[in-house]
Amino acid sequence: MIVKSIKLKNFRNFEELNIELNDVLNIFIGDNGQGKTNLLESIYLCSIGKTFKLNTENDLIKFGQNNFEIEIVVNKGNKENKTINIAYMKNQNRIVKINGVKLDKNSELIGYMNNVIFTPDDLKIVKGSPIERRKFVNIDISQIKPKYKYLLKNYKKIVLGRNNILKNLNNNSNREVLSIWDDYLIDVGSEIIFYRNEYINKLKYEASKIYSDISDNKESFDLSYKCDIGNVENLSKDDIKKIFREKIEKNIENEIFRKNSLHGPHKDDITIKINNKDFKYFGSQGQQRSAVLAIKLGEIEIIKNEIGEYPILLLDDVLSELDNKRKGFLIDYIKDIQTIITSTDDTDLKDLVKKNDKKIFHICEGRIERNEETCQN
Ligand SMILES: Nc1ncnc2c1ncn2[C@@H]1O[C@H](COP(=O)(O)OP(=O)(O)O)[C@@H](O)[C@H]1O
Ligand SMILES: [Mg+2]
């Protein structure tokens, strides 16, 4: 998958941007606060449909303006180029178009362009709370299984609805109502668990292979699904439902006492281990960075297996965080993947990517000041 061009209008600190990308490697160099992450955010928005920052849509409009527009031309599967267009007017609904045709539902955008983003914040996958790990798994699965996003949305509503019943449970008739909500929770929750189980298994396989290569086969890496309702390894959807029901039945009195849904995929986690020890507590900085790198590259492989081609890789300021060996590994790994790298400094980058066909953009205050193109055959 290749992003051919990006046009921005009044998006974040870009008044007007119009660039054509290299099919392989694109490097954006600039000081802090110049718009490098904002540019990646515009690509992410066209791919996932939402931003990776905690902002409202109004925040995306350039200060002092009333609307923004993004237009990205993408090529998927060597077919005809597709133009993705997002237009947003302050306090109004977003309008998303593909080749000039408005989508009925903005969520239909997912799938036209796939990306994997790697930022320094991703260390949270290893070091952060279970919420961070659930978030990253949710985004990943949503990209390749459109139904998953819908299940998550539904599940969230079910947990809220069920909690409401638990809070107001004071007579037998409500108990009957509760059992209906149990069924909803188990039905939708089991599907989520099924998808997660499948995805995490694939990630474990891909990321372990990559981690082995990064560590020259010296360390073992393991990643496993810590499913709240119990061990669901190799289980069918029906078997997952059975375990989920047993878990609910066994703990229902406690849930009633606590007035809260205590079990289900909203309590899931992933365990990441190196040489059989939990990474979170025992991994060195370097090992944790290798783990995140392996997970990110693993995500790329899963998307490739799923859709038949590599997603676009966005590397936001991560190279400076890696030592030379890991940097070299990464640069070597991405040679067949269209990649957009941002960095404040290009001194070591230029050496590392000597051989690649690439385009370098210098970015300052939301403008491209100059670009260099190198193509070596
Ligand atoms: N809606 C907005 N309008 C104008 N400028 C914005 C907006 N949102 C963020 N910015 C500016 O964008 C800059 C940060 O851009 P960013 O892409 O994060 O920089 P970096 O190059 O360090 O990645 C800051 O100067 C911030 O004030
Ligand atoms: Mg940045």
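A residue counts as near a molecule when one of its heavy atoms lies within 4 Å of it. I start there, with the ligand. Please keep in mind that this is a predicted model.

How many residues surround ligand 1? There are 15, and the closest are Gly 33, Thr 37, Asn 38, Asp 59 and Ile 61. Two of these, Thr 37 and Asp 59, come up again in the polar contacts. Thr 37 uses its side chain: a polar atom there sits 2.8 Å from an oxygen of ligand 1. Asp 59 uses its backbone instead, with an N or O atom 2.8 Å from a nitrogen of the ligand. Gln 34 also takes part through the backbone, where a polar atom is 3.1 Å from an oxygen atom of ligand 1.

Next, a charged residue away from the surface. Asp 140 belongs to helix α3, which covers residues 130-144. This aspartate is buried, and it has no salt bridge. Which side chain of opposite charge is nearest to Asp 140? That is Lys 296, at 5.6 Å. As for what Asp 140 does touch, leaving out neighbours within four places in sequence, its contacts are Tyr 199 and Glu 299.

Now the backbone. Asn 10 has a phi of about 50° and is found in strand β1, residues 2-11. Its relative accessible area is 9%, so Asn 10 counts as buried. Asp 216 also has a positive phi, near 50°. Where is Asp 216 found? Its place is the loop between α5 (172-214) and β9 (221-226). Is Asp 216 buried or partly exposed? With a relative accessible area of 43%, Asp 216 is partly exposed.

Last, the cysteines. A disulfide is a covalent bond between the sulfur atoms of two cysteines. The count in this model is 0 disulfides. I will mention two cysteines by their accessibility. Cys 46 has 0% relative accessibility and therefore counts as buried.

Technical notes:
Residues are numbered from 1 along each chain as its sequence is written. Chains are lettered from A and ligands numbered from 1 in the order in which they are written. This is a predicted model: local features need pLDDT of at least 70, side-chain atom pairs count only at pLDDT 80 or more; totals for chains, interfaces and linings use all residues. Side-chain values use heavy atoms; hydrogens and water are left out. A disulfide is a pair of cysteine sulfur atoms within 2.5 Å. Buried means under 20% relative accessible area, exposed over 50%, partly exposed in between (1.4 Å probe, protein chains only). Helices (H or I, at least four residues) and strands (E, at least two) are DSSP runs, numbered from the N terminus. Lys and Arg count as positive and Asp and Glu as negative; His and the chain ends are not counted. A salt bridge is a side-chain nitrogen of Lys or Arg within 4 Å of a carboxyl oxygen of Asp or Glu. Contact means heavy atoms within 4.5 Å. A polar contact is a pair of N or O atoms within 3.5 Å; within protein, one must be able to donate a hydrogen and the other to accept it, and residues adjacent in sequence count only if both atoms are side-chain atoms.
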